[in-house]
Amino acid sequence: MSFSAVDHGMMARALQLAEHGLWTTSPNPRVGCVLVRDGQIVGEGWHKQAGGPHAEVNALRAAGHFARGATAYVTLEPCSHYGRTPPCAEALIAAGVSRVVSAMTDPNPLVSGQGLALLQAAGIATASGLLENEARELNIGFVSRMSRGRPWLRLKTAASLDGKTALNNGVSQWITGPAARRDGHRWRARACAILTGIGTVRDDDPQLNVRDVETTRQPLRVVVDSKLETPLTARILQGGPVLIVGALENLEKMEMLRSTGAEVLIFPNAAGKVELKDLLEELGRRGINEVHAEAGFKLNGSLLREGLVDELLLYLAPCLIGHTASGLFNLPELTNLDGKHQLQIRDLRQVGEDIRLIARFR
């Protein structure tokens, strides 16, 4: 299907609006809507938070009676089912729009296409697929949860140019500069959960919350702690929801951790460690779209070996700290290069004095 220059421009605007919900819509997708009549924008809206009006409803309210006969540009197929709010497809029909263009269909295979079908049955012209890649990127975690049953996992790490994350004595603060650290907090803010390991909790005693940027919510913090060794004085247990995931059902330790307000789950594997795939599927069931992992080289390596890392967010500082320092990932030795993990660089830029690299596995 061909789209006009006006179609492209209006959908690009809808995507801009959807980005306003980058940090607030979880577990719902980020969606924007633009209503256009006679070549003029008559209403705009975006989904602000779960439980609130969807993008289409906000745009229709802004347009009022000018919505009749308008074209609606929506970054995601209008919903056709009753959730916390009525179906947006029915609201568009009631408002009398004449055409609906969606960037992509709903990634949930149980409802995909039904919203567009409802509109078509009411005599409204529909089209889909305009700027679809951009729309998918904006909601990559929601798409992952709907299609794979688990969140999109972004692994963030910071290293020197020789690939080291900490000195041999454990000192790691700070390898990167303030601009890179602030940028890292923006990525934390868009995630639904922050994942780390007991080694990081013991060595660094981090808070792992969003501090350097303003946000209206704090992500769930998840600690992979096979033996339930998280100290009761750990800073991560303060100031927000925490999930401790172990592999051993030690009732005494579980009760002590729960007394701090933390939730404790047990997901063992055959090796006596946490079954990471089961953990991610549980997070998916809880509506977690994006997981932001900040861990040490052991958990980083485990996530990579089990094929659970979707994206690398790597900050490289312009310094060298020596071969005895800690590396990025605990991975097995290769005997030939056929076994190397092949990456595709998606973005490369300078942030302050550091380099930020975003890559995905081929």
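This is a predicted model: local features need pLDDT of at least 70, side-chain atom pairs count only at pLDDT 80 or more; totals for chains, interfaces and linings use all residues.

Biologist: Okay, α6 then. Which of its residues are buried?

Modeller: Helix α6 covers residues 140-148, and its buried residues are Ile140, Gly141, Phe142, Val143, Ser144 and Arg145.

Biologist: Switching to charges. How many salt bridges are there in the whole structure?

Modeller: The search finds 24. In general, side chains of opposite charge can pair when their charged atoms come close.

Biologist: Give me one. What does Arg235 pair with?

Modeller: Asp205; their side chains meet in a salt bridge, 3.9 Å from N to O. That pair links distant parts of the chain, 30 residues apart. Arg235 sits in the loop between β8 (220-224) and β9 (242-246), while Asp205 is in the loop between α8 (198-204) and β8.

Biologist: How accessible are those two, Arg235 and Asp205?

Modeller: Arg235 is partly exposed at 38% relative accessible area, and Asp205 is partly exposed too, at 28%.

Biologist: What about Glu282, which partner does that one have?

Modeller: Arg286, with the closest N and O atoms 2.7 Å apart. Glu282 counts as buried because its relative accessibility is 15%, under the 20% cut-off. Arg286 is partly exposed at 35%.

Biologist: And Glu311, where's its partner?

Modeller: Glu311 forms a salt bridge with Arg360, and the closest N and O atoms are 2.7 Å apart. Glu311 is in strand β12 (residues 311-317) and Arg360 is in strand β14, so this pair links distant parts of the chain, 49 residues apart.

Biologist: Buried or exposed, Glu311 and Arg360?

Modeller: Glu311 is buried, with a relative accessible area of 4%. Arg360 is buried as well, at 12%.

Biologist: Which residues are in the network with them?

Modeller: Salt bridges that share partners join Glu311 and Arg360 into one network with Arg30, Glu137, Arg154, Arg190, Glu290 and Arg346.

Terms used:
Residues are numbered from 1 along each chain as its sequence is written. Side-chain values use heavy atoms; hydrogens and water are left out. Buried means under 20% relative accessible area, exposed over 50%, partly exposed in between (1.4 Å probe, protein chains only). Helices (H or I, at least four residues) and strands (E, at least two) are DSSP runs, numbered from the N terminus. A salt bridge is a side-chain nitrogen of Lys or Arg within 4 Å of a carboxyl oxygen of Asp or Glu.
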